[in-house]
Amino acid sequence: MFENTEDEHPLTVSEITGFIKETLEKTLNDIFVIGEISGFKRAFPSGHSYFTLKDEKSQISCNLWSFRFPYLKFNPEDGKKVLVRGRITVYEPRGSYSIEVASMIEVGIGDFQQAFEKLKLKLKDEGLFDDKYKQTIPEYPEKVAIITSETGAVIEDFKKVAKKRYPLIHLYLFPTLVQGKGSVESVVRAIIKANNCGIDFDIIVIARGGGSIEDLWTFNEEAVARAVFASKIPVISAIGHEVDYTICDFVADLRAPTPSAAAEMLLPDRSELLERLKNYSYSMEINVKNRISSLRDDLDRIKDNYAFNKPRDILNDFKIRLDDFSEELVKFTDDRLKYFANELQYKERLLSGISPEKTLKRGFAYVSRKGKVISKKKELINGDIVEIHFNDGKSEAEILNDNG
Amino acid sequence: MSKEKTNKDSFEFYYRKLEKILEELEQNIENKSLDDIILNYQEGLKLLKICRDKLSEAELKIEKINMEK
């Protein structure tokens, strides 16, 4: 076929591309095309829109300059069927062609959209989206099953959030196909397996990153929806970006706008929990301390009013017990919980007000036998040798004529 | 339909117990004997420590399920 090349002047790539450009742009300079929008995105910050127009067999790239966007009478979205008016342009550096859209109207919903709406209606009528079937999402999950692709950002993002927020969980990855052939079966199998593999999962997270309507289609399939509905374990659905809604989202017990958001919605935040524990510790202490000092006040009042009528040993008994508790409180805290040091200091300061020394200084004494404090009369029998502790020392004494 | 089982060694188990004690010490302290108060307080401190340790020392565990089996 190259025999006569000397007669034919060979064209450069630029020459043939230029020829194609001229031919196409001249003849196809005002065309009407019907198709379904796919992969629609608005570039930032230019505001130009890019998408693909497609039907069953073919597809063509389209662009819509930002200044034309405000004239659209509808919100262009994946799956919408549109009539586009525009012209073909050839971009020479890439040898590609596309439609430069001048205007565009919606002419009904596309096939995907139609299938979506149909299934949604059907399952809704059957009650699959009803609130009464929604299972509660656990507050402090332990075993988390995640159904997603083994590779890619989703699992990594989830891990990252879990490590930061709440690394107490045990995460089980069910590697699945999340788009294309075999993905529906793969997802369904993973859901069934999570329910039957003998691990008592608290939650299943089904996740997939963003993509076109076709990429996400697996999660609009009836089989997946039914498997999610049948799951005895609560399911969180986190498919695509914020704007993407799938049938799976509607059936699931909770929809998360993105996979990372799923991790954030599911897992409590440990720094928040630690903060809460700090408050608990403080409030527990305050309550105990307040109660002890109010008991002391009560005793003091009784003492003032009835000091000469009431047997003193009853009062002493209470005083000593109170003081013992105070000491125990301090000791326990000190021994076991070093990191409460600050609170402890504070407490010690407060508790010093009710130490035995002060009580003794006020003229009370307490009785012990072999180092053990005697708080009840019945603990003593005649002839017991006891020690009486005063503020400035102790004396030995014998119990005499105790007739009970 | 939350499941009642709470693992006996989970954060949640100890945390719920702590909340209960806190509630006791907040709302019911006037009806308690000193012995009970001190017992509650000690138990509370113990639970606080367990909860803190669990939060601070946890490391994410990850396992891959074999889908072939």
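Q: In this predicted model, how many residues of chain A are in contact with chain B?
A: Two residues count as in contact if their C-beta atoms lie within 7 Å. On the chain B side, 33 residues take part. On the chain A side, the number is 38.

Q: How many residues of the side of chain A that touches chain B are nonpolar?
A: Seven residues of this side are polar. Eight are charged. The nonpolar residues number 23.

Q: In which sense do β7(A) and strand β1 of chain B pair?
A: β1 of chain B covers residues 61-64. Four bridges join β1(B) to β7(A). In one of the pairings, His170(A) has Lys61(B) as its bridge partner. The sense of the strand pairing is parallel.

Q: At what angle do helix α1 and helix α2 of chain B pack?
A: Two packed helices are described by an angle and a distance between their axes. Here α1 (residues 11-27) and α2 (residues 34-57) of chain B have axes 9 Å apart. α1(B) passes α2(B) in a left-handed crossing. Their angle is about 145°.

Q: How many residues in the contact of α1(B) with α2(B) are nonpolar?
A: α1(B) brings residues including Phe11(B), Leu18(B) and Ile21(B), and α2(B) brings residues including Leu47(B), Leu48(B) and Cys51(B). Two residues of this contact are polar and four are charged. The nonpolar count is eleven.

How values were computed
Residues numbered from 1 in each chain as written. Chains lettered and ligands numbered in written order. Predicted model: local features only at pLDDT ≥ 70, side-chain atom pairs only at ≥ 80, totals over all residues. Nonpolar A, V, L, I, M, F, W, Y, C, P; charged D, E, K, R; others polar. Pairing = 2+ DSSP bridges. Helix = DSSP H or I, 4+ residues; strand = E, 2+ residues; numbered from the N terminus. Axes fitted to C-alpha atoms, helices over the stretch in contact; angles between N-to-C directions. Left-handed = near helix turned anticlockwise from the far one by under 90°.
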